[in-house]
Amino acid sequence: MVRQSKSALPGLVVTRTPLRVSFAGGGTDLADFYERGYGAVLSTAIDKYVYVTVKRHASVFNEPIRVNYSKSEQVHRIDEIENNIVRECLRFLEIEPPVYISTVGDLPASTGLGGSSSFAVGLLNALHAYRGERVTAGQLAEEASYIEIEVLKQPIGKQDQYASAFGGLNFFSFRPGGTVTVEPQRVPAGVLRDLFGRLLMFWTGHQRDTETVLAEQKANTSNKLAHLSRMRDHAHQLRELICNGSYSAAAVGHILDESWRLKRELASTITTSDIDTWYERAMAAGADGGKICGAGGGGCLLFVVDPERQHAVRRALHNLTELPIEYEVHGSHVIVSCLD
């Protein structure tokens with residue numbers, strides 16, 4: 001960590017942090033699984049973002065702390081802040097009021113694209129910059145994981161924090177003790193362009209309670225080890241297909257389909273009758289395969305579809321909102337830093 005001199009501390013910082021799509025291995029990044037062996041996830045950052053602003057709050061306002069997100073909080077003490085992530089990040093980095101924090105995202109909450117962890121990473125990045133510190137992606141990911149998992153006791157894994165901090169396409173390995181290995185993937189020319197040209201994402205309009213879904217999945221881990229091990233294998237298989245010269249878009253779709261059919265058995269709340277109907281409509285219209293993004297229960301549906309069949313899939317899911325996505329190489333970074 002590098003610290004600037006106090007005379008050069010910024011009075012305003014804005015960070016931009018990407019959301020992510022996990023292709024395979026989601027769920028094996030939970031400690032209840034990887035502590036029994038290891039977990040593996042193949043994940044990519046996408047061009048949908050969470051923006052966080054941190055600035056010194058002016059003394060003319062009545063309150064020393066203002067936090068703006070889907071609601072606005074004006075409080076006098078950090079422990080009065082209702083937003084759990086904001087409160088604990090301020091405590092963790094010992095930020096003293098007055099301070100103003102605001103966040104806005106490209107997509108709604110609970111899309112299954114790692115927005116909560118992207119916010120935690122982006123806020124920590126902004127607060128470090130506000131203190132005049134430059135930190136690594138690895139430090140941001142670990143600090144966000146610590147706050148969400150250890151402090152807030154959320155039943156989540158560590159893939160989202162790492163995906164948003166590092167950006168790009170990565171193979172993550174999760175080892176006993178919590179160690180995470182990050183392997184950026186070098187993809188042959190044209191493969192990423194072709195793959196993203198075949199990805200169709202749709203917003204279901206259903207915002208789910210991630211903690212409820214993951215709490216049930218966590219409780220079922222001992223009985224679902226074979227399912228999770230197979231899903232971990234899918235992450236290895238997709239890495240070989242996409243990154244090592246044996247690329248086949250149809251094969252990618254088929255692996256996503258197999259992984260989804262395993263994932264939906266991990267907990268009763270992962271799928272719904274609506275999700276099942278939409279998924280089968282897309283498959284019948286010509287999709288090679290797909291999945292629900294994130295923990296399940298709602299959020300976004302992702303499909304791999306040959307360009308010649310995309311119109312048919314769009315027509316089959318005409319009542320859903322399509323979300324075009326592209327590859328994002330960069331992780332969380334400061335886009336504005338102004339001196340007082």
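Phe202 stands opposite Leu301, a residue of strand E12. This is a predicted model. The facing pair belongs to two strands that run antiparallel: E10, residues 199–203, and E12, residues 300–304. Five bridges join them. Met201 also has a counterpart in E12, where it stands opposite Leu302.

Strands of a sheet pair through backbone hydrogen bonds, either parallel or antiparallel.

## The four-stranded sheet

How many strands form the open sheet? There are four. Their order is E11-E12-E10-E13, and the pairing is antiparallel. Strand E11 (289–292) and strand E13 (321–322) stand at the edges. Each has a single partner strand, so one side of each is left without a neighbour in the sheet.

Two helices pack on this sheet. Helix H9, residues 249–263, touches E11 and E12. The direction of H9 makes about 40° with that of E11. Helix H10, residues 273–284, also touches E11 and E12. The direction of H10 makes about 20° with that of E12.

E11 and E12 are themselves joined by four bridges, in the antiparallel sense. Across this pairing, Gly289 stands opposite Val304 in E12.

## Strand E12, covered on both faces

Is E12 enclosed or open to the outside? Five of its five residues are buried, so E12 is largely enclosed by the rest of the structure. Both faces are covered. Cys300, Leu302 and Val304 lie on one side, with Leu301 and Phe303 on the other.

## Ile255 in helix H9

Ile255 has its place in helix H9. Its relative accessibility is 10%, so Ile255 counts as buried. What does Ile255 touch beyond residues up to four places away in sequence? The contacts are His234, Gln237, Leu238 and Leu241.

Phe23 is 232 residues away from Ile255 in sequence, but their C-alpha atoms are 9.3 Å apart in space.

An α-helix has 3.6 residues a turn, so residues three or four places apart point the same way.

## Helix H5, mostly covered

Helix H5 spans residues 159–166. Seven of its eight residues are buried, and the helix is mostly covered. The buried ones are Gln159, Asp160, Gln161, Tyr162, Ala163, Ser164 and Ala165.

What do these buried residues pack against? The strands are E2 (10–24), E3 (39–55), E8 (169–174) and E9 (180–184). The helices are H3 (115–130) and H4. After H5 comes Gly167, with a positive phi near 70°.

## The second largest pocket

Rolling a probe the size of a water molecule over the atoms shows where empty space is left. The second largest pocket has a volume of about 340 Å³. It is lined by 18 residues. Those closest to its centre are Ala31, Ile149, Glu150, Gln154 and Ile156.

Which helix gives the most to this lining? H4 does, with five residues. Helix H1 (31–34) and helix H4 (137–151) each supply at least two residues of the lining. By class, the lining has seven nonpolar, four polar and seven charged residues.

Notes:
Residues are numbered from 1 along each chain as its sequence is written. This is a predicted model: local features need pLDDT of at least 70, side-chain atom pairs count only at pLDDT 80 or more; totals for chains, interfaces and linings use all residues. Side-chain values use heavy atoms; hydrogens and water are left out. Two strands pair if DSSP finds at least two bridges between them. Contact means heavy atoms within 4.5 Å. Axes are lines fitted to C-alpha atoms, for helices over the stretch in contact, and angles run from 0 to 180 degrees between N-to-C directions. On a 1 Å grid over the protein atoms alone, a cavity is a set of points where a 1.4 Å probe fits but cannot get out, and a pocket is an open set with protein on both sides within 12 Å along at least five of seven lines; lining residues have an atom within 4 Å of a point. Grid points are joined across faces, edges and corners, and a volume is the space filled by probe spheres set on the points. Ala, Val, Leu, Ile, Met, Phe, Trp, Tyr, Cys and Pro count as nonpolar, Asp, Glu, Lys and Arg as charged, and the others, Gly among them, as polar. Buried means under 20% relative accessible area, exposed over 50%, partly exposed in between (1.4 Å probe, protein chains only).
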